[in-house]
Amino acid sequence: MELRCLEISSRAARPTGRARRPHVAQSPNVVGLECPRCRTLFKGARLFTGCPRCDAQKIPVNLSVKLELGPLARLKTERFPATPRGLWRFRALLPVASEHPVTLGEGDTPLIHLERIGRRLGLSRLYAKDESQNPTWSYKDRLCAVAVTHAVESGARVVTIASTGNHGASTAAYAARAGLPCVIFALASAPATMKTLMQAYGAAVVACPTPEARWDLMRQGIERFGWYPTGGFQVPPIGSNPYGIEGYKTLAYEVAEDLGWRAPDLIVVPSAYSDGLFGIWKGMAELNALGLVERVPRMVAAEPYGPLATALERELETPAPVPGAGSVAFSIATRYGTFQGLAALRESRGLGVQTTDEGIFEAQRALAREEGMFVEPSSAAALAAVMQLVTRKALDPDQTIVLVLTSSGLKDPGASRTWLPEVPASGADFDTLLGVLRESYGLELHR
Ligand SMILES: [Zn+2]
């Protein structure tokens, strides 16, 4: 049983290594795991249940990897190596030591200027970070590449996750790549595409009646059998594996580099438990601390039910559950916010925007039809949030805004059928075809 942790002095520079399991490799720059609320430092490679001190005060808080940035000051002039391409270029800032990370070529996704949508919205510098171009078509691959590499370094023999979709599919793929068995706790309601993906990668997928039931079973696997989790299993949720969350920092590094080592004004992230929101913010904060960018952008959480927006509005120390009754953006539809998400918004003077199904479909359609990008409804929530902010006149037209498009529309194609017509029959001759194109699609075609 390895959930036990050792608290170390908040002044300690780094763990002594005395109690470390002999087979656990660790990046030399890792100081330990730090609580973003009380700043206590802990060591223990498998501390996945958050800060015990804050938990005792009934404020559940995920821990975060603390790096010693001093030895990395050379990055300001040397920057990052050009190879290997993708996420592992940035290994100096990742909490793993392995020379052979578990990789499928994740990261190095394009930052795409949304000229047509931007022109329509009056935003000349609107960009999309297209994370659907990752190996399993979602940005969870950044988390899972680092988490599963850490699992291997920690001597894990089984990887586990409770997930209805992207996180599960990604965990399954990286577990397969690492040659480790994977147990996934899903919900029966998960889209068939997601279940197919997870099983195709070889994971043992089981359907649970409720989210809480999933977390309880997962916890037992971790506590009784030492399974390694890539995601959270707390009630209320705190967020995912802190090592994995570090992978999201690389998204920030790539954005800054593509903008000529400048931070954008705003980064909009579809958020549930805010692993991505927190990781991307942390990545920008590190670049700022290293002198690679001059500021940290304001972070915006796009959320169907708005737990973070509500917590900011009510000035709560930590988010409280909010009402929620179903959303097309099932990947991010949660009534719970997390402390880490709220911290990223507070530290960056950011905000939460509550999205609607109508707004999400409008955004999904615009991205597909005006820019050629088909993303999952949860990803389109980022643009839906920006559209709302434009309506509220809350954005400066010259601001540089980056939308994180987290996942491919092919993950949940059924959702998009609601705004698509049935495919009509062509008819047998060309004149009939022209009539069908006109009636079904409004296309008036002439020689
Ligand atoms: Zn704490």
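Is the crossing of α9 and α10 left-handed or right-handed? I found it right-handed, the term for a near helix turned clockwise from the far one by less than a right angle, anticlockwise being left-handed.

Before going on, I note that this is a predicted model, where local features need pLDDT of at least 70 and side-chain atom pairs count only at pLDDT 80 or more, while totals for chains, interfaces and linings use all residues. Residues are numbered from 1 along each chain as its sequence is written.

Back to the helix pair. I looked up the axes of α9 (residues 249-258) and α10 (residues 275-289): they come within 6 Å and cross at roughly 55 degrees. That makes α9 oblique to α10, meaning not under 35 degrees (roughly parallel), over 145 (roughly antiparallel) or 65 to 115 (roughly perpendicular). On the α9 side I listed Lys 249, Thr 250, Leu 251, Ala 252, Tyr 253 and Ala 256 in the contact, where contact means C-beta atoms, placed from the backbone, within 7 Å. On the α10 side, the residues include Ile 280, Met 284 and Leu 287.

Next I checked Glu 370, which sits in helix α13 (residues 357-371). Glu 370 has 15 other C-beta atoms within 10 Å, so it is partly exposed (buried takes 20 or more, exposed 12 or fewer, and partly exposed is in between). Which residues does Glu 370 contact, leaving aside neighbours within four places in sequence? I got Arg 116 and Ile 117. Leu 114 is 256 residues from Glu 370 in sequence, yet their C-alpha atoms are 8.7 Å apart.

How values were computed:
Helix = DSSP H or I, 4+ residues; strand = E, 2+ residues; numbered from the N terminus. Contact = placed C-beta atoms within 7 Å. Axes fitted to C-alpha atoms, helices over the stretch in contact; angles between N-to-C directions.
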